[in-house]
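This briefing is for a reader who is new to the structure.

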Amino acid sequence: MGRNTQTYLVGGVSAIGGFLFGYDTGVISSILEMDYWKAYFHDPGSVGVGVIVSLLTAGCFVGSLCAGWIADRFSRKRAIMSACVVFCLGAAIQCGARNRAMLIVGRFVAGLGVGVLSMSVPVFQSEIAPPHIRGRLVSLQQWAITWGILVAFWIDYGCHFIKSDASWRIPIGIQIVPAVILFVSMFFMPYSPRWLVDNDRVDEARVVLARLRSGGNLDASEVVEELHEIREAVRIDRETAVRSYADLLRVPIRRRVILGVLIQALQQLTGINVSMYFATSIFKQSGLNGDNAPLLAQGVNGVVNMLATIPAILWVDRWGRRKTLMLGSLGCGITYFIQAVATGATQHKTYDEDGSLNLNIPHGPSYLIIVMMYLFVASFAVSWGPIGWIYPSEIFPMRIRSKANSITTAANWLFNFVIGLVSPILIKKITWGLDLIFAVIMFFSIAIIYFFYPETKNRSLEDMEVIFSGSIWANRDRQRITEYDNANQGHADAKMAKE
Ligand code: BGC
């Protein structure tokens, strides 16, 4: 680490926002099964549960749409801080809920906070990072998301032994602690140097860059160069006057908006949240028996998700975005395909008295299905999980970055919402057919990445103008980019020779 310790520290602190995101997503699923919760809210039934679960995602959608304006107007740092306040309010309303309406309103308010965080944290991280560790830094937020899901699961598990309303109030209330920690720590974190330059606070930007890059040396060459590069990019941005929401639909930004929205939509179309939200019931359906077995298998799912994110943190900047995504898709596609075949060939449907479906899959294939689900989660965690957030945060010019990211993030939440809504129905109706649909989407996504997504690893944010100004066919545009690199290398060599 050494030289980049400060950058890691700032990126790591802001990643607590990812923890809140993951925790809040994960906490509700086991609470819904708790006896004291059901009794308190008079067993809301499947429609009521649907509303309670999805109101968070709806809040996230609205929050992420508002986040673009907040992060531009008040800074990325203050956007994160204000999201913490809103989040705490939402969590407090839920924790103290006296009736269903309070719970629903609390979920929505907490969602607003998570929505703002899910957009501003990756943008903040990507703006403070030097190019060669940018992917790693944004992956930290994904890692924090996986930790959030994991910790929420095990806290729920521990609390379900409590024989009172505290069994559900504690897991909901406890998330206020990391939110307060994030809020307080952000006081000590710098503003994004790119946001500072865009707001004509160049001297402050220099101090921040010096703190992040050179132990406070304002005259270090890397500080001077990066500042120069950022100022140039902001100057060009101003000349092209790309900054309104309408500009998102115009050349040259439109292409990147489509790629950003598509990558976020595809991240959800991997079906990851089917295994995050509904794995317990899928495990049960597939024949995993015993009181706690499906629940524990779900807990293991969370551990796999967290562990498999680590290689991405370590190597995504070396492997690159394209290759990692294509391999991830291949892994997801194959594991879905095997699950579909194993289920389709061996299922024998019966229904319990309460209408729940059993597939009566024999032991051998049912274990195969569970192992495939773990391998699927691992394939996602190392690829689509982090890169779904990295890519949009790095491809847009400064002046439109947060507006564009608010749209791409909102697309993520929208697809998350739709999948959360339709997949429980499809799991019941077409069982293995859903696996097959996801397998096809995943195989198809390999072609989409190959043809349309340029590689962005190790590029400065300012370089992206060149990367995205050529043909929309990413695989055909390599020649032009190599020429640009050669010319740049020439400049760098000439400069070094002069020095
Ligand atoms: C996704 C979430 C998902 C999580 C799982 C995130 O990148 O956006 O929807 O629940 O990964 O780790």
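The model is predicted: local features need pLDDT of at least 70, side-chain atom pairs count only at pLDDT 80 or more, and totals for chains, interfaces and linings use all residues. Residues are numbered from 1 along each chain as its sequence is written, and side-chain values use heavy atoms, with hydrogens and water left out.

**Salt bridges: count and network**

- The model has 21 salt bridges, a salt bridge being a side-chain nitrogen of Lys or Arg within 4 Å of a carboxyl oxygen of Asp or Glu.

**Glutamate 127 and arginine 76**

- Glutamate 127 and arginine 76 form a salt bridge, with 2.9 Å between the closest N and O atoms.
- This pair links distant parts of the chain, 51 residues apart: arginine 76 belongs to helix 5 (residues 76-95) and glutamate 127 to helix 6 (residues 100-128).
- Helices here (H or I, at least four residues) are DSSP runs, numbered from the N terminus.
- Glutamate 127 is buried at a relative accessible area of 0%, and arginine 76 is buried at 1%.
- Buried means under 20% relative accessible area, exposed means over 50%, and partly exposed lies in between (1.4 Å probe, protein chains only).

**Glutamate 232 and arginine 235**

- A salt bridge joins glutamate 232 to arginine 235, whose closest N and O atoms are 2.8 Å apart.
- About one helical turn separates glutamate 232 from arginine 235, because they are three residues apart in helix 12 (residues 221-240).
- Glutamate 232 is partly exposed at 30% relative accessibility, and arginine 235 is partly exposed at 40%.

**Aspartate 247 and arginine 250**

- Aspartate 247 and arginine 250 meet through their side chains in a salt bridge of 2.7 Å, N to O.
- Aspartate 247 is buried, with a relative accessible area of 11%, whereas arginine 250 is partly exposed at 45%.
- Elsewhere, salt bridges with shared partners join Asp72, Arg76, Glu127, Arg401 and Lys403 into one network.

**Aspartate 317**

- Aspartate 317 sits in helix 15 (residues 293-319) and is buried, with a relative accessible area of 9%.
- A polar atom of the aspartate 317 side chain lies 2.9 Å from the backbone nitrogen of glycine 135.
- The side chains of aspartate 317 and arginine 321 make a polar contact at 3.0 Å.
- A polar contact is a pair of N or O atoms within 3.5 Å; within protein, one must be able to donate a hydrogen and the other to accept it, and residues adjacent in sequence count only if both atoms are side-chain atoms.
- Setting aside neighbours within four places in sequence, aspartate 317 is in contact (heavy atoms within 4.5 Å) with residues including Pro131, His132, Arg136, Lys457 and Asn458.

Terms used:
Helices (H or I, at least four residues) and strands (E, at least two) are DSSP runs, numbered from the N terminus.
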